[in-house]
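These are my notebook entries on a single structure. I record what I looked up, entry by entry.

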Amino acid sequence: MTAFSVAAFYRFLPLEDLPELRRSLTEACALLGLRGTILIAPEGVNGTMAGSPEAIEGLVGELDRRFGLPREEIKFSSAETWPFQRLKIRIRPEIITMRASEADPSHRVGTYVEAGDWNALVEDPEVLLLDTRNRYETKVGGFAGALDPAIDSFTEFKAFVEEKLDPSVHKKVAMFCTGGIRCEKASSFMLAKGFESVFHLKGGILKYLEDVPAENSRWEGECYVFDGRVAVGHGLAQTDWTACFACGAPLSDAERASPAFEPGVSCPACVDRTDEAKKAALRERHRQLTSG
């Protein structure tokens with residue numbers, strides 16, 4: 001049976017007195033017995049939290065009361081075990097780091113596209129289908145035919161747009177990300193750079209996988225998520241992807257079968273990036289964790 005409910009959410013809105021907000025949010029979430037991460041910044045709130053179904057219902061009420069964030073804008077899923085180890089509420093300069101002053105979602109964003117309308121949009125041959133996620137996410141899955149920017153962090157998306165895309169050529173762009181938040185900033189940035197028609201998937205991949213039946217889906221593979229589940233599939237069911245303890249890279253069955261994979265120590269992505277002393281320390285830590 002499913003033990004935990006998971007809620008992913010964000011909203012761009014002006015926030016003030018962040019230290020007091022952090023204090024009161026921490027108190028409220030702790031009383032509900034929640035675990036996960038919430039980021040707050042002058043531009044808004046962004047988080048993913050897990051707890052009992054009753055606790056998540058309490059969180060929904062808190063989000064509506066504090067941020068005017070309605071239930072229909074929250075993405076719900078489940079987990080068999082705790083996907084987070086503890087509760088963290090942090091103050092940040094941005095709730096999604098881009099470092100682009102011209103990207104202001106509170107002023108202007110692209111056109112939202114509901115999950116049920118997404119397939120029809122991206123089947124238009126004039127539309128450029130654009131992934132805004134990092135390369136460790138895109139390796140787990142993506143939409144068929146999407147352009148992968150091959151970036152290691154979202155801040156690199158700005159250079160990718162300026163160097164690889166052209167507003168006079170790419171007149172219709174449809175972008176997507178995990179939960180929708182990156183597309184808010186990415187679409188705002190592209191509109192500021194002169195792109196005419198920018199669309200983005202409302203609720204992100206998570207909403208698409210929740211609402212669109214597998215038989216009608218254009219999604220291939222799974223969707224990387226930023227918690228202990230590592231990845232989810234259609235219906236937001238947890239999959240068999242795991243993560244490397246040493247570097248955090250998502251690992252498939254094939255990668256776990258590689259000679260470069262050693263549980264708790266290394267994987268094909270990082271085996272050559274750590275020396276023997278580091279590997280020995282990781283090996284000892286893994287031994288202690290698994291022997292007790």
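**Entry 1: serine 77**

Leaving aside its neighbours within four places in sequence, with which residues is serine 77 in contact? I found Phe4, Ser5, Val6, Arg229 and Leu236, with the neighbours within four places in sequence left aside. I note at the outset that the model is a predicted one. I located serine 77 in strand 4. I then looked up its burial: the relative accessible area is 18%, and serine 77 counts as buried because the cut-off is under 20%. One of its contacts is polar: the side chain of serine 77 meets the side chain of arginine 229 at 2.8 Å.

**Entry 2: the sheet that holds strand 4**

How many bridges pair strand 1 with strand 4, and in which sense? I read 5 bridges between strand 1 (residues 4-12) and strand 4, in the antiparallel sense.

**Entry 3: lysine 185 in helix 6**

Helix 6 contains lysine 185. Is lysine 185 buried or exposed? Its relative accessible area is 1%, so I record lysine 185 as buried. The side chain of lysine 185 is joined to that of glutamate 94 by a polar contact of 2.3 Å. With neighbours within four places in sequence left aside, the residues in contact with lysine 185 are Phe12, Glu43, Glu94, Ile96, Met98, Ala103, Pro105 and Phe154.

I turned to an open sheet of 4 strands, which has the order 6-10-9-7 and parallel pairing. Its edge strands are strand 6 (111-113) and strand 7, each pairing on one side only. From one strand to the next, the twist averages 30°.

I followed strand 9 (residues 172-176) in detail. This strand is mostly covered, with 4 of its 5 residues buried. Strand 7 (residues 127-131) runs parallel to strand 9 and is joined to it by 5 bridges. Across this pair, leucine 129 stands opposite alanine 174 of strand 9. Strand 10 (residues 197-201) is also parallel to strand 9, with 4 bridges between them. Here valine 173 stands opposite valine 198 of strand 10.

What is the handedness of the β-α-β unit made by strand 9, helix 6 and strand 10? I recorded this unit as right-handed.

**Entry 4: the nonpolar core**

I looked up the largest nonpolar core, which has 27 residues. Those with the most contacts inside this core are Leu130, Phe157, Val161, Leu165, Met175 and Met190. At least two residues of this core come from each of strand 1, strand 7, helix 5 (157-164), strand 9 and helix 6. Which element gives the largest share of this core? I found that helix 6 does, with 6 residues.

I then examined methionine 175. Apart from neighbours within four places in sequence, its contacts include Leu130 and Met190. Also among them are Trp118, Cys183, Ala186, Val198, Phe199 and Leu201.

**Entry 5: glutamate 156**

Glutamate 156 has its place in the loop between strand 8 (141-143) and helix 5. I record glutamate 156 as partly exposed, because its relative accessible area is 33%. Its side chain reaches the backbone nitrogen of aspartate 152 at 3.0 Å. How far is glutamate 156 from glycine 235, in sequence and in space? I read 79 residues in sequence and 31 Å in space, C-alpha to C-alpha.

Key. Residues numbered from 1 in each chain as written. Predicted model: local features only at pLDDT ≥ 70, side-chain atom pairs only at ≥ 80, totals over all residues. Heavy atoms only, no water. Pairing = 2+ DSSP bridges. Buried < 20%, exposed > 50% of the residue type's maximum accessible area, 1.4 Å probe, protein only. Polar contact = N/O pair within 3.5 Å; in protein donor to acceptor, adjacent residues only side chain to side chain. Contact = heavy atoms within 4.5 Å. Right-handed = clockwise from strand over helix to strand, strands pointing away. Core = buried A, V, L, I, M, F, W, Y, C linked by side-chain atoms within 4.5 Å. Axes fitted to C-alpha atoms, helices over the stretch in contact; angles between N-to-C directions.
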